[in-house]
Amino acid sequence: MLEISGVTPLADVVAYVDRLRASPDAGEILVGLLAEQSPIYDGRSTNEAERLRGYVLTSFENIGLPASAMAFVIEELETGLNAYTVAAAAKAVRGIHDPPEHLVPLMLEAIDRIASSDDVVCFEHILPRAGGAATTTALTELFRTFAWLGPRAVAALPALKAMLERNPSTFSPAVAREIEKAIAAVAIGQPSTHHSCCAHNAQPSSFLTSSDIDIGSIALQDQDGELFSFGEFFRGRPSALTFFYTRCMNPNKCSLSITKLGRLQQRTREEGLDARFNVAAITYDPAFDISQRLRIYGANRGLLFDDRTRLLRTMGPFDPVQRYFDLGVNYGSTTVNQHRIDLILLDSCGSPSTRFTRAQWEEKDVLAAMNSLS
Amino acid sequence: MTVQIEIPGTDPQGRVFLTWAPVRATARWDGASTSGSLDIVLRSAGTGGGLVFNNVRSDQNLPTLNLTLPTDGTKVPFWIAGEFQKPSAAYGDAVVQATANGGGGVVGSKSVMVRIRKNAQTLSGPERDRLLAAVGTLNAQGQGAYRDFREMHTNATTREMHGNVGFLPWHRAYVLDLERALQSIDPSVAVPYWRFDEPAPSLFTRDFIGESDPSGEVVFRPGHALEHWVTDGQPGLTRELDFDVNSPANVISEADTFGLGGSGSAYASFMAMEGDPHGTAHTSFGGPISRIGTAVRDPLFFMLHANVDRLWAKWQWFKHRQNPQDSKAFAPANPNKIGHHLADTMWPWNGITGNTRPPVAPGGPFPPTPVTSAPGPTPKVEDMFDMLGVRGGPPLACAYDDVPFELPPALVAGGGGAGPG
Amino acid sequence: MDVKDYRQAYERELTAGSSRAKAAAPASAAAAAPHAAAIDEISRVPQERDQLPTKIPSLIATLRDQNVATPIRQAALRALRAVAFLAELFAPFRAEFLDALRQIAKPDTDQQLRQDALEILSAEKDPYAQDLLKKGLENEQDSLVPAVKALQFLRNDDHGNFVDIARDVFQKAQDVATKVAALRIMATDAKSRGLLEQLLQDKTQPQALRTLSATGLHFLDPQKFAEVAQKIILDKSDFEDIRATALGALANAPDHQHLFHDTAFIDAIKKLGSEGPLQNLHSAVGRFMSKL
């Protein structure tokens, strides 16, 4: 097997992905390439990393989407801002054997989010080109997926009709034609009486940590410059710990995560639980996110700092934390190139017990899981 | 002093800030309590800002006002406003003075400021430097609250404020929010406007908003308050002028802006100004200010938008269109345009996130000021229409140097009004 | 002035006010003259809100069309940039607009037009434009815009891995403007602290580089900056302007409250304020002392 890494030229990675697509059992290998930690993303720019992910995602349209890839599709539909990767996720949906109902509202959200940032994309080439016949757009692909879903997306019918009736239109004539086709395909169905048992938001799961790392001794600094070890802060009471960086470009990820962390803190206060829990976040980008930046970032998002509520950075490399918690993050030459959403609950010994990953977490779910810890 | 003058809206430091909007104030005898009364005259006695007075709420105010004060200390009301086109240049350069009638001496006085948004081209050096110092402090080299303002106005939030009828009300609130943030640093500051249809060579200098070098980098005088400007994690700015600095920008004139849609134009026609002169003012440059998603990186943004807001305020005054319920003063939004209907609260001040609103709401509720109760912590679109309170509601406590206070034709002078809340 | 008199005067002013013809960019005014009517028509599009759904596609077609005179295509691009401020009204045409910009970002397009196209695309962090700009920096023969513009455009994306190429340009460039543009990219990388510290203290460096190094070092490491800045401010052998720049940076940021309690430093700053004739430094002293 070809050794693929961050320095492998994009064209070679694409050739590798193309070969995998032709292989009958390649699904899980391709899913493995979607993980942010995969070495194929090491050192690449965010643009390159996102295009690679998009290229891999589109594979599933033809080879079928493994269950293990569903979380990646949901993530893109829920938080993606890049027209290329959102279009790829829309195409990947067409590889699902039995699409779950909760994809429908996610696709409507994706349309709403991408409508003001749509762009021409082409999946014949990994590198963008000017013009070309085989181009499409993210909106086009999303509506084509609705057409593919047909009656299974009947719940979207009112929303699709409303989109078409907007005046002035927020869609180009070409996209409007795709909406018409989607409506025609969807409208032949009846309202579904079947309700999915599964929510799309992140659900708690357990996990193993990397045992070769002494997480307790890792040096941390908080938003006020105070220094202590991971163990000193996180041992003694249960904790909700998430990860972020202040340069994150996607407001649906880090900015929202810290805002929600603030709301989580508020709820623990309202319920008189705040003295029982730590609420904290560690930056992926410790060299850049100095104390002052952490303080301002948290305060602007409603975090009320106290001895149990802090934003943190590692004093050394972030790598041991990343490996210990198996965090979905990777780096370009200057900063993070991509990351998923990760929230981890630690017990009072500072040991991880539960994680909410990739999809958006809800404060109520995290609070319930925190209560079960104490 | 034996006459005390009390003006509502006094801040905790005892300072008073007025605009052209009349405020209901009081004077009272503060000497020994006796029976009888004292006749006094109120007049403007400052070296800069002018003041005018009246017994009733009016747009025809007087340079002096005679009052009779009971010597038992009873408060006697009167109305006071900044004298149109005589704004202050610094705090305390406007003074209301009370003298005893019949040639008596000064029996009371109060220093105030007539705080008005002025043409940036005409700002004095000290006014300019106070403004820049406050803007620099707000940015704090990327660590200050300017970041909140930056995050409010991005590609991801654009539907809250562009391409629809709420464009002008939202941006009025936005400029006012920034102005209040600056005033929390230096209360003598008001956001000046860049009159983009006239030359403004004093503005684009190293001493003011920066001079563009041949490569488009904005350079400042060493030690300038904006020299270490940081936004989006990046130091510095580019701004390339696509017009001669001694000429107007590539925009239509104020007269043509007023002519959009013809002489009887309603808001639905006037809204075309979002494209020109607003859009064309932005795109009279290269650099971040020329694109929605990055425009706020350049502090010139707020002077540009103060002028857009001034044009609306002036149009509202000229056509008497401060009532949002007037069908010519506003246009209905499409049903699906949340945030653009008169009764909708505006993001981000309403704190509403998710669904059709952006995922986060930077900056918190709208900041209060001691000067007025308007527009409240979660302003609605309809709250931004009556800047000077001509219809009797609380004013927004901001004003432009060329937009006067004038009562609507239907209102008779003295017809009430809440004054500042 | 009486408000009624003011109203009448303004009415007269409006009546007298005439439409100001939209100027083409000054440099291209002569070239635009033969196309004045077409340019004038295009320049009115941003006011024609109700007609935008039909006008925007037409403008994009004009922009793409190599057979149309360059001044007219430039006018079309100016109008499109302005209507892009109408956000949702423009959104349906955004993909097509970006596609057109990619199409004209090539050597045989007018220099200003392709530079404008690359600026807009790179502000969108467009990988196609970034690729072209990067290739131009690596090989001058491939450059579509001057190096300084390429660096300015690439700096729109701090996730773009452009620090290495900026460092390379910084080392090779002879002109200060290009060096400044390169250093601005490097100043967002924590690994540049040492270089910024060194440049800031090097009296032989151009003022523009030292000024930017002050901003950059303060941004990456405020404590280290404060150490270096104090030395520079009090060093009478250094240039007045860089001393003013350093003091201005200390005055502006919230990180240096401890300095306001350092009586020896405050006394030294007060003394600076009484020394003359140092206009910029005095002004910075005034601003610093106002924070006390």
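1. Start with helix α8 of chain C, residues 127-138, bearing in mind that this is a predicted model. The helix has twelve residues and reaches 16 Å from its first C-alpha to its last, close to the 16 Å expected at 1.5 Å a residue. Its buried residues are Pro127(C), Tyr128(C), Ala129(C), Gln130(C), Leu132(C), Leu133(C) and Leu137(C). The cover over them includes α6 (94-104), α7, α9 and α10 (163-172) of chain C, together with α3 (46-63) of chain A.

2. Helix α7 of chain A, residues 138-149, also has twelve residues. From first C-alpha to last it reaches 17 Å, close to the expected 16 Å. Ten of the twelve residues are buried, and the helix is mostly covered. The buried residues include Leu139(A), Glu141(A), Arg144(A), Phe146(A) and Leu149(A). Among the elements covering them are the helices α5 (83-93), α6 (103-114), α8 (157-165) and α9 (173-186) of chain A, and the strands β1 (120-122) and β2 (135-137) of that chain. Just after α7(A), Gly150(A) takes a positive phi of about 55°.

3. Which residues touch the most other members of the largest nonpolar core? Of its 270 residues, these are Val73(A), Phe146(A), Ile80(B), Val83(C), Leu118(C), Leu151(C) and Leu247(C). Helix α7 of chain B, residues 300-318, gives the largest share of this core, twelve residues. Another core lies apart from it and has 43 residues, among them Leu241(A), Leu311(A), Phe325(A) and Ala369(A). In soluble globular proteins, nonpolar side chains tend to be buried together.

4. Leu151(C), one of the residues listed for the largest core, is in contact with Ala166(C), Val169(C), Thr178(C), Ala181(C), Ala182(C) and Ile185(C), leaving aside neighbours within four places in sequence.

5. Is Ile7(B) buried, partly exposed or exposed? Ile7(B) counts as partly exposed because 18 other C-beta atoms lie within 10 Å, whereas a buried residue needs 20 or more. Ile7(B) is found in the loop between β1 (3-6) and β2 (17-18) of chain B. Not counting residues up to four places away in sequence, Ile7(B) touches Val16(B), Val23(B), Ala25(B), Ile80(B), Lys110(B) and Val112(B). Of these, Ile80(B) is 73 residues away in sequence but 8.5 Å away in space, C-alpha to C-alpha.

6. Chain B as a whole comes to seven helices and 15 strands. Its radius of gyration is 22 Å, which agrees with the value near 22 Å for a compact globule of 421 residues. Along the principal axes, the C-alpha atoms fill a box of roughly 75 × 50 × 40 Å. Buried residues make up 60% of the chain. Of the contacts in chain B with a separation of 6 or more, 71% join residues 24 or more positions apart.

7. Between chains C and B, 58 residues of chain C are in contact with 64 residues of chain B. Several helices of chain C each supply at least two residues of this side, including α1 (3-16), α5 (70-83), α11 (176-186) and α17 (279-289). By class, the side of chain C that touches chain B has 32 nonpolar, 14 polar and twelve charged residues.

8. On confidence, the predictor gives the complex an ipTM of 0.93 and a pTM of 0.93. Chain C averages a pLDDT of 91, and 95% of its residues score at least 70. Over residues 23-27 of chain C, however, the pLDDT is below 50. This stretch has ten contacts in the model beyond near neighbours in sequence.

Notes:
Residues numbered from 1 in each chain as written. Chains lettered and ligands numbered in written order. Predicted model: local features only at pLDDT ≥ 70, side-chain atom pairs only at ≥ 80, totals over all residues. pLDDT = per-residue confidence, 0-100. Contact = placed C-beta atoms within 7 Å. Helix = DSSP H or I, 4+ residues; strand = E, 2+ residues; numbered from the N terminus. Nonpolar A, V, L, I, M, F, W, Y, C, P; charged D, E, K, R; others polar. Expected span 1.5 Å × (residues − 1). Core = buried A, V, L, I, M, F, W, Y, C linked by C-beta atoms within 7 Å. Rg over C-alpha atoms; globule rule 2.2 N^0.38 Å.
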